[in-house]
Amino acid sequence: MTEKILTKDPLNLIITGVGGQGNVMISLTVGSALVREGYVVTVGETYGVSQRGGPVMSHVRISKETQYSPLILEGQADIVLGMEPVETLRMLGKYGNPNVITMFNPRPIYSVDVIGGEAEYPDLDKLIKTIKELSAKTWVVNATEEAEKMGKPIVANTILIGALVGSGFLPLDRKSMEPVLRERFPKAFELNMKAFDRGMELIGQ
Amino acid sequence: MPDIAIDAPGTSQLFMGNEAIARGALEAGIGFATAYPGTPSSEILGSLAPVAKKMGIYAEWSVNEIVATEAAAGASLAGVRAITAMKQLGVNVASDFLSILVMSGLGKGGLVLVSCDDPGAISSDNEEDARNLAKSLGMPLLEPGNFQEAKDMTKWLFDLSEEIDSICMLRSVTRIAHSRGNVKLGELPQKEHKAYFDQIHDLRDVKPTKFMPHPVPSHHAALLKKLEKARERFESSPFNWYVGPDKADLLIITCGSCWFYSRDVVKELKLEDRVGILKLGTLWPLPEKFVEKHLNKSQKILFVEEVDPFLERSVMEMAASLPPDSPRPTFYGKRSGHLNAYGEMDQDVLIKVIASMTGLTYQPRDIEYAKKAEELAKNYVPERSIAFCPGCPHRATFWSIKNTLKLDGRNGFVVGDIGCYGLALRPTGFYQSRSHYCMGSGTGVANGLGKLGQHGFNQPVLAVCGDSTFYHAVIPALINGVHNQSNFILIILDNGGTAMTGFQPHPGSELNAMGEPAKFISMEDLCRSMGAHVEICDPFDLKNTTATLLEMMAKDEGAKVVVMRRQCELIRGRKEKPPYKVHVDPDECIGEACGCDRLCTRVFHCPGLIWDKESGKSRIDEVICTGCGVCADICPQGAIVKEAA
């Protein structure tokens with residue numbers, strides 16, 4: 001386990017996916033853990049009608065010093081956590097930069113435009129290659145696949161949290177996440193802790 | 001969601017702006033809270049209601065915003081501090097009452113109204129700036145610039161409200177209301193509320209008379225005095241501050257989330273020694289002496305605010321009345337065209353403006369990288385339009401509406417309304433909705449359309465509304481339609497809660513905001529009592545729904561009602577397992593060879609279906625599908641199979 005340090009101030013994290021996937025759950029869980037650790041955290045979100053299957057993102061800004069605004073400037077994401085591959089690329093298109101760290105779930109969610117035939121979903125291999133090309137470091141985290149193995153596709157989100165924390169780029173570790181996950185999932189704590197550990201494993205921790 | 005009633009003074013919590021406002025109300029010792037849900041305001045009552053019992057307060061999702069405000073005023077009359085919360089559009093609904101309340105004064109309990117505005121209309125049908133309403137109605141106005149202030153201002157406004165005997169307004173915008181940040185908690189008061197309306201002592205010897213606006217001119221004069229008193233308090237408010245050099249190249253005057261953006265941009269451009277920021281928290285009446293003191297900081301002043309040039313106008317108005325030897329800076333902002341008087345503000349826009357005004361060039365990121373990233377995103381990122389959720393009853397309803405209107409053949413159409421079903425303007429609702437205004441307006445507009453027979457109008461008119469909207473604003477429109485025998489069908493999409501904003505209960509619910517049993521008001525009984533013909537359908541029963549709609553459309557003149565009853569899938573899915581296991585039989589699905597031309601994906605558009613290009617057949621996305629089984633009923637080939645799960 002790497003030492004818990006804030007590598008940059010503010011550290012800009014973007015969590016992205018499709019409305020309904022659980023974007024807010026991830027940002028709230030990670031944000032709460034960071035506040036417990038004494039950081040000043042701002043979480044900005046898209047929401048509202050976007051809950052109905054549109055693209056969603058959370059901007060999480062972490063500082064030791066001051067409360068930053070809820071929006072990240074163009075090109076200034078330090079870490080992008082993607083719950084869906086196309087949405088990951090959408091974020092890199094606006095917020096990426098040569099130093100960005102990306103980790104994402106490669107499981108596509110087809111938009112209604114794709115389902116209806118008005119738009120085309122890109123070839124997955126090409127998509128993954130493109131994401132890698134735009135990132136300084138990339139982890140492909142098969143969160144949905146692993147969650148399905150655990151019998152609950154929804155814990156894909158907790159697997160992603162495990163991967164994010166496991167990457168060592170946030171000033172968090174397993175110990176700082178445990179009480180937050182216990183609070184958030186009082187009935188399914190064991191399962192979520194298992195999913196969290198699986199996420200850490202997937203990223204090589 | 002976090003517990004806003006946590007008794008941990010001095011600790012820092014990650015709170016949404018709305019939760020911070022709710023916490024501030026608790027720290028102020030409120031005894032009463034009301035609201036009508038509306039993004040981005042819903043979490044204020046949404047976080048108060050679950051802790052209401054523990055904190056000994058009453059919390060209510062009211063039928064609409066004017067009743068919410070009136071009920072909160074009732075608590076104030078009896079000496080209980082009360083808060084009412086709504087989105088910007090709701091303040092319009094409440095404004096009739098507010099325009100009188102500001103003159104008649106309050107009871108002994110302070111009263112605070114919170115408006116959460118939605119610049120950019122992310123989840124609204126306008127981007128109205130409710131600060132104008134505070135000014136035109138006569139309510140002292142504060143706006144928080146961060147999460148801590150959201151709490152602290154709310155608490156302080158109760159003291160001000162009681163001191164000046166007037167309702168006060170807190171205005172928040174999306175990026176404060178709906179973002180999260182650190183909030184340091186204060187003490188929760190241990191207070192017992194004793195509600196009593198003292199008719200003898202409260203009413204006598206009060207000039208002008210309380211609880212009524214008459215005589216209006218003297219009440220109006222009293223209101224102006226109250227506002228002057230508020231202005232005096234604002235002059236020394238800790239919610240206003242200046243950061244920057246004594247002499248600056250540029251002075252930014254800002255408020256709300258624009259404070260955040262201004263500060264971040266100045267930091268990003270390393271302009272701390274050249275650009276000053278005057279952040280205002282008490283917006284109206286403008287603390288003129290405080291502002292005047294800072295006008296000589298720079299020759300150039302830029303106003304940064306959302307949405308209207310509210311501070312810009314107030315400061316310019318004040319500057320115009322200053323003595324001739326006062327500083328005469330040049331004002332920049334929306335009037336000068338440097339910033340837009342529409343849409344949401346963000347740093348990406350602001351940084352360009354400030355860089356250009358200070359003679360800097362700003363490059364957000366490596367040019368080559370930017371070019372590549374933008375191009376790749378353009379090539380590989382398909383559109384992702386918003387849509388009804390998988391298993392949404394509205395998709396089935398609008399499917400039947402579409403087919404019924406086609407079968408009827410008289411160019412009938414739907415006049416829409418707001419709510420999730422507003423998506424019926426889009427492909428997900430088969431473009432069925434033809435108009436879309438404020439809550440209840442679909443039925444109101446149908447009233448007029450349905451009385452145009454004498455002018456040759458013979459198209460069937462279908463008005464749609466949701467269950468919460470029905471109670472909120474449709475009942476008077478329906479009464480009008482029944483009474484005047486206007487020819488339309490009202491379709492109530494009853495999905496069992498206020499779905500768009502997070503399933504808040506309404507008068508048709510069996511539990512109230514605090515989870516206690518409530519008197520359930522049956523919408524069909526209510527409609528029948530007006531004399532309207534009412535039918536009830538299950539939208540998933542496509543055959544019966546279409547037949548019922550056709551039959552209703554063929555009937556004589558007059559307003560009729562069809563209730564489409566089926567619980568929102570997001571609620572049902574939490575408690576129950578999917579009713580069906582759905583799959584596509586690859587032997588039956590003949591893909592492109594079928595005359596249906598991919599009806600299930602191309603037209604029905606459910607996110608739970610996938611058109612597999614390789615096999616040229618449909619399949620089900622099992623992670624997304626909720627097992628409603630409706631697609632099995634529309635497949636002409638019978639290739640989609642639903643089996644009881």
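Below are my entries on a strand, a core and a chain contact.

**Entry one: the model.** I am working from a predicted model, and I keep that in mind throughout.

**Entry two: a strand in chain A.** I began with strand 1 of chain A, residues 11-18, and asked how many of its residues are buried. I found 7 of its 8 residues buried, so I noted the strand as mostly covered. Next I looked up its partners. Strand 3 of chain A, residues 55-63, pairs with strand 1 in the antiparallel sense over 8 bridges. Here I saw Val18(A) standing opposite Pro55(A). Strand 4 of chain A, residues 79-82, pairs with strand 1 in the parallel sense, over 4 bridges. In that pairing, Thr16(A) has Gly82(A) as its bridge partner.

I then turned to the largest nonpolar core, which has 244 residues. Helix 7 of chain B, residues 147-164, gives the most to this core, with 8 residues. Among the residues with the most contacts inside the core are Leu160(A), Ala33(B) and Ile491(B). I followed up Leu160(A): leaving out residues up to four places away in sequence, its contacts include Ile26(A), Leu81(A), Val141(A) and Gly199(A).

How many residues does each chain bring to the contact? I noted 52 residues from chain A and 54 residues from chain B. On the chain B side, helix 15 has the largest share, 7 residues. I also sorted the chain B side by type and wrote down 26 nonpolar, 15 polar and 13 charged residues.

How values were computed
Residues are numbered from 1 along each chain as its sequence is written. Chains are lettered from A and ligands numbered from 1 in the order in which they are written. This is a predicted model: local features need pLDDT of at least 70, side-chain atom pairs count only at pLDDT 80 or more; totals for chains, interfaces and linings use all residues. A residue is buried if 20 or more other C-beta atoms lie within 10 Å of its own, exposed if 12 or fewer, and partly exposed in between; C-beta atoms are placed from the backbone. Two strands pair if DSSP finds at least two bridges between them. A nonpolar core is a set of buried Ala, Val, Leu, Ile, Met, Phe, Trp, Tyr and Cys residues joined through C-beta atoms within 7 Å. Two residues are in contact if their C-beta atoms, placed from the backbone, lie within 7 Å. Ala, Val, Leu, Ile, Met, Phe, Trp, Tyr, Cys and Pro count as nonpolar, Asp, Glu, Lys and Arg as charged, and the others, Gly among them, as polar.
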